[in-house]
Amino acid sequence: MLSAAALTTFSACDDEENTPQETDGGLKVITEIVTDGNVIGNGDQEVVFKGKQTIAKGTYVLKGWVYVADGSELTIEPGTVIRGDKQTKAALIVERGGKIFAEGTANEPIVFTSNEAAGQRRPGDWGGLILCGNAVNNQREQQIEGGPRSFHGGNNDADNSGVLKYVRIEFAGYPFEKDKEINGLTLGSIGSGTTIDYVQVSYSNDDSFEWFGGTVNCKHLVAFKGWDDDFDTDNGFSGKVQYALSVRDSRIADTSQSNGFESDNCADGSQVSPYTTATFSNVTFFGPKYVDASFENTTDYINAGSMNPNNGSALGRFQSAMQIRRSSRLNCINSLAVGFPIGLIIDGEKGNTQEMASNGTVKLQNVWFAGMDVTGTDANKLYDDYLVTGYDDEKKPIVDNTKESLSSTFFKSGAGNRIAEVSDLMLTGNSLVKGLNINFMPSAGSPLVSSASFSGFSGFDAVSYVGAFGTDNWLAGWTNFDPENTAY
């Protein structure tokens, strides 16, 4: 049926060759985003959608790059499945002034996934989902990462790009060029009028979630077995994120070294405003050592296993639960990280993040580490807990191995921060979610359930627990931890 629909689409294009078509920047403009009943897009072409349209519940194939233009609105009904086409590197890009309303339910989530057959899906099968908005970032206006034509950035921090709720994004991140992958979900200057809630990104071929500036607040995020970083914050992102889960695959890590958080103010570390000041609360990071008792942090072991897409994406090693660098002023409270080689890196190679940590501008509060090889290090790709005192002419860190890192000292001095044994956490729930196969929730007697504090922070649900979960399993119903074998 899909093959027939594709042939119909191409025939329709042939019939229109001699008919003048409206264009936008050289790209064909379409007024109906769904063609021939179940194909979204226009073959291997980039197209620009202008108008307002609802995609009825069903299963569709997304082909090529589809832009939702300024002033346009795309609504997707609950229960809809959109399968990204590998051959045309499919991607859906919502441009500044455009809106997407993808609001599923716990029982009928909206799924963006690979069009490859069950058992054959891999990271990077298709492009991904990109939202661009008019909120501020510290580069003023910039082209979105990954290759699309779209720019983001403006002066409306309350900008509204629509709704993503009860949405899954799977196997995204096609590498268009070296180091130019679209993330699972890319958010460029998205404003606080936008709703991002209950979103799971699985097997992304780059970062699972990445924010470039913006003010959007997010809740209930799941990063599952991504290639690079789980939550990447750049260019002045200042929103609040509460309730987030990261689960790593012990065989998948990026050549750049994979982290739970990777946070920059900007790429060169410039002290430009607005600064990256986002605050994350109630996050749980489960690293490779927690999910795999046999884990080895070597490139021989980290080979992606059956999930290797063989698309040129380079593998590397795991690094830290949290890397904060390049003048970022990220904050994290009431959170848990388990089983990484390194807990925290306050990286001082570029910018003034170390100074901001020392003077209290960067805050970690009620953060628990367990099962780490070391609590902290002070430089990228440095795995020893030594104080970095500077960098040599080849930009290699100079260490004083008689003193522990600034990162360790900073973590230990934070209010309520704790280094614990994994057994101290009293985690349970292994059987509650099919395919997750790890204990992710605190049991009733766990010290996590009553250790939270929001002192000095506002705008969050004032829950009592540290980590993503208390007694409420908010993963139930809408998540999927075995997407490679699901029949869509």
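Predicted model: local features only at pLDDT ≥ 70, side-chain atom pairs only at ≥ 80, totals over all residues.

Biologist: What is the volume of the largest cavity, and which residues line the largest cavity?

Modeller: The volume is about 30 Å³. Its lining includes T284, L336, L427, F440 and P442, and L448, V466, G467, A468 and F469 also belong to the lining. By type, the lining residues divide into 8 nonpolar, 2 polar and no charged.

Biologist: How should I read a nonpolar core?

Modeller: In soluble globular proteins, nonpolar side chains tend to be buried together. Here the largest nonpolar core has 67 residues, and W211 and F231 have the most contacts inside it. A second, separate core has 41 residues, among them W227, V463, Y465 and L475.

Biologist: Which residues is W211 in contact with, leaving aside its neighbours within four places in sequence?

Modeller: Among them are L187, V216, C218, L221 and F231. The list also includes D232, T233, D234, F237, V241 and F280.

Biologist: How are aromatic rings described?

Modeller: A pair of rings is described by the distance of the centres and the angle of the planes. In this model the count comes to 23 aromatic pairs. For F286 and Y290, the ring centres are 4.6 Å apart and the planes are at 15°, so the pair is stacked. Both F286 and Y290 are buried. Elsewhere, ring pairs link F209, W211, F231, F237, F261, F280 and F285 into a cluster.

Biologist: Which residues lie over the face of Y301 and of Y383?

Modeller: R251 lies over the face of Y301, 3.6 Å from the ring centre. For Y383, the residue is R317, at 4.3 Å from the ring centre.

How values were computed. Residues numbered from 1 in each chain as written. Heavy atoms only, no water. Core = buried A, V, L, I, M, F, W, Y, C linked by side-chain atoms within 4.5 Å. Buried < 20%, exposed > 50% of the residue type's maximum accessible area, 1.4 Å probe, protein only. Contact = heavy atoms within 4.5 Å. Phe/Tyr/Trp six-rings, centres within 6.5 Å; stacked < 30°, edge-to-face > 60°. Lys NZ or Arg CZ within 6 Å of the ring centre and 35° of its normal. 1 Å grid on protein atoms, 1.4 Å probe; cavity = no way out; pocket = protein on both sides within 12 Å on 5 of 7 lines; lining within 4 Å. Points joined across faces, edges and corners; volume = space filled by probe spheres on them. Nonpolar A, V, L, I, M, F, W, Y, C, P; charged D, E, K, R; others polar.
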